[in-house]
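Open the model in your viewer and keep the sequence beside it. We will go stop by stop, with something to select each time.

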Amino acid sequence: MSVAEFTITRTFDAPRETLWRAWTDPTLAARWWHPHEVTTPAESVSIDLRVGGSYAYLMIDPGGGEWPATGEYLEVREPDRLRFTWGSPDDERGDDVPVITVDLAEAGKGRTLMTFHMAGQPDDRGSEHGVYDGWTEAFEELDAVLATSAAH
């Protein structure tokens with residue numbers, strides 16, 4: 001039986017404070033909280049950034065399918081750690097709800113090392129609508145947002 005968790009590590013060409021804002025500012029989050037070919041309407045994103053606070057957003061695929069996501073913040077330690085639950089609003093909120101931990105570390109020369117760990121979700125890379133691949137694509141979207149922001 002495989003462990004129901006996975007980790008994605010990435011270095012971004014942006015300061016840690018910029019990455020923190022990307023995770024915690026609703027306007028920025030809407031620009032990348034989705035895989036390729038999917039959108040997240042800015043008006044669908046809400047963030048109550050405090051322990052016990054919640055967040056919510058809606059992903060819409062090209063065929064009109066809707067994928068709502070929501071969770072509760074368990075740890076908020078600016079600018080280096082966020083820990084929160086993640087799932088659909090219809091999910092049962094038992095002990096097996098997926099928990100995401102995002103650690104941000106300075107990597108020198110204005111770069112940030114992000115370690116994204118999801119517990120309670122198996123590494124399903126390569127599967128259709130896989131969570132691992134969805135987050136990997138979201139981080140590619142974040143790269144594009146950061147590149148666009150740096151150009152302005």
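One face is covered: T112, M114, F116 and M118. The other is uncovered: L113, T115, H117 and A119. Why two sets? In a regular strand the side chains alternate between the two faces of the sheet. Strands here are DSSP runs (E, at least two residues), and helices are runs of H or I with at least four; both are numbered from the N terminus.

Two ground rules before the next stop. This is a predicted model, in which local features need pLDDT of at least 70 and side-chain atom pairs count only at pLDDT 80 or more, while totals for chains, interfaces and linings use all residues. Residues are numbered from 1 along each chain as its sequence is written, and side-chain values use heavy atoms, with hydrogens and water left out.

Strands pair if DSSP finds at least two bridges between them. β1 and β7 are antiparallel, with eight bridges. Find F6: M118 in β7 stands opposite. β6 and β7 also pair antiparallel over eight bridges. There, E106 has T112 as its bridge partner. Follow the chain through the hairpin of β6 and β7, with five residues between the strands. Stop at G108, where phi is positive, near 80 degrees.

Jump to L142 in helix α3 (residues 131–151). Is L142 buried or exposed? L142 is buried, at a relative accessible area of 0%. Buried means under 20%, exposed over 50%, and partly exposed in between (1.4 Å probe, protein chains only). Beyond neighbours within four places in sequence, L142 contacts F12, L19, A22 and W32.

Move to β4 (residues 66–77) and β5 (residues 81–85), antiparallel strands joined by four bridges. E75 stands opposite R83 in β5. Colour the charged side chains here. E75, R77, D80, R81, R83 and D103 form a network of salt bridges. A salt bridge is a side-chain nitrogen of Lys or Arg within 4 Å of a carboxyl oxygen of Asp or Glu. R81 and E75 have their closest N and O atoms 3.6 Å apart. For R77 and D80 the distance is 3.1 Å. R77 is partly exposed at 40%, and D80 is partly exposed at 23%.

The structure holds 10 salt bridges. Another one to select is D48 with R50, at 3.0 Å between the closest N and O atoms.

Last stop: S44, in the loop between α2 (26–30) and β2 (46–47). A polar atom of the S44 side chain lies 2.7 Å from the backbone oxygen of P41. S44 also touches A56, Y57 and L58, leaving out residues up to four places away in sequence.

Definitions and conventions:
A polar contact is a pair of N or O atoms within 3.5 Å; within protein, one must be able to donate a hydrogen and the other to accept it, and residues adjacent in sequence count only if both atoms are side-chain atoms. Contact means heavy atoms within 4.5 Å.
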